[in-house]
Amino acid sequence: HRLRVLRSTCKRLGITSIDSIAVDATQPLPFIESARTFDRVLLDAPCSGTGTLRSNPEIKWRLSVEDLTRLAELQLSLLARAAAAVAQAGRLVYSTCSIEREENEDVVSRFLAGNAAFKAVRPNARADLITTEGFVRTFPHRHGSDGFFVAVLERM
């Protein structure tokens, strides 16, 4: 569904420089051999969805603390796989629709601690959306939108 929306948006805007594909990122990526090949990589990670509670209230009934731990481990693994595809001086955008620190800042911090080739860079976003740590975060009660998290990481 998300790829259809992305393709439709690109077509509407006349953007022809984006190739979108869907793969199982828990497995080795089929297009990565030995070279890092992409200038920009977006990882829209599977998450708890706690940022969407106002439109999906059933989440609170099916979500457990164990789910957050499991999701954080999956997110870290996917982040490492996505990073392997980022070219020198390229950027990796990590995003979730979660407002949980365990799925956001903690995952990015763990990734950066084990990947000296990457650094966090300040996203190009409104100042009121930038956290003290330099990430983007929205909250439903503050911003009138779903809760999201975005980190921009750059390969040095």
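Rings of Phe, Tyr and Trp (its six-membered ring) are paired if their centres lie within 6.5 Å; planes under 30 degrees apart count as stacked, over 60 as edge-to-face and the rest as tilted. The model is predicted, so local features need pLDDT of at least 70 and side-chain atom pairs count only at pLDDT 80 or more, whereas totals for chains, interfaces and linings use all residues. Residues are numbered from 1 along each chain as its sequence is written, and side-chain values use heavy atoms, with hydrogens and water left out.

**Exercise 1.** Determine how many aromatic pairs there are, and classify the pair of Phe-135 and Phe-149.

*Solution.* Step one is the count: by the rule above there are 3 aromatic pairs. Step two is the geometry: the ring centres of Phe-135 and Phe-149 are 5.3 Å apart and the planes stand at 55°, so this pair is tilted. Step three is the location: Phe-135 belongs to the loop between β3 and β4 (136-138) and Phe-149 to strand β5, so the pair ties together parts 14 residues apart in sequence. Strands (E, at least two residues) and helices (H or I, at least four) are DSSP runs, numbered from the N terminus. Buried means under 20% relative accessible area, exposed over 50%, and partly exposed in between (1.4 Å probe, protein chains only).

**Exercise 2.** Describe the salt bridge between Arg-2 and Asp-44 and where its partners lie.

*Solution.* A salt bridge is a side-chain nitrogen of Lys or Arg within 4 Å of a carboxyl oxygen of Asp or Glu. For Arg-2 and Asp-44, the N to O distance is 2.3 Å. The pair links distant parts of the chain, 42 residues apart: Arg-2 is in helix α1 (residues 2-13) and Asp-44 in strand β1 (residues 38-44). Arg-2 is exposed at 54% relative accessible area, while Asp-44 is partly exposed at 36%.

**Exercise 3.** State which residue forms a salt bridge with Lys-119, and which parts the pair ties together.

*Solution.* The partner is Glu-154, with the closest N and O atoms 3.8 Å apart. Lys-119 lies in strand β3 (residues 118-121) and Glu-154 in strand β5 (residues 148-155), so the pair ties together parts that are 35 residues apart in sequence. Lys-119 is partly exposed at 35%, whereas Glu-154 is buried at 16%.

**Exercise 4.** Give the number of salt bridges and the members of the network.

*Solution.* The structure holds 11 salt bridges. Arg-101, Glu-105, Asp-106, Glu-133 and Arg-137 are linked in a salt-bridge network.
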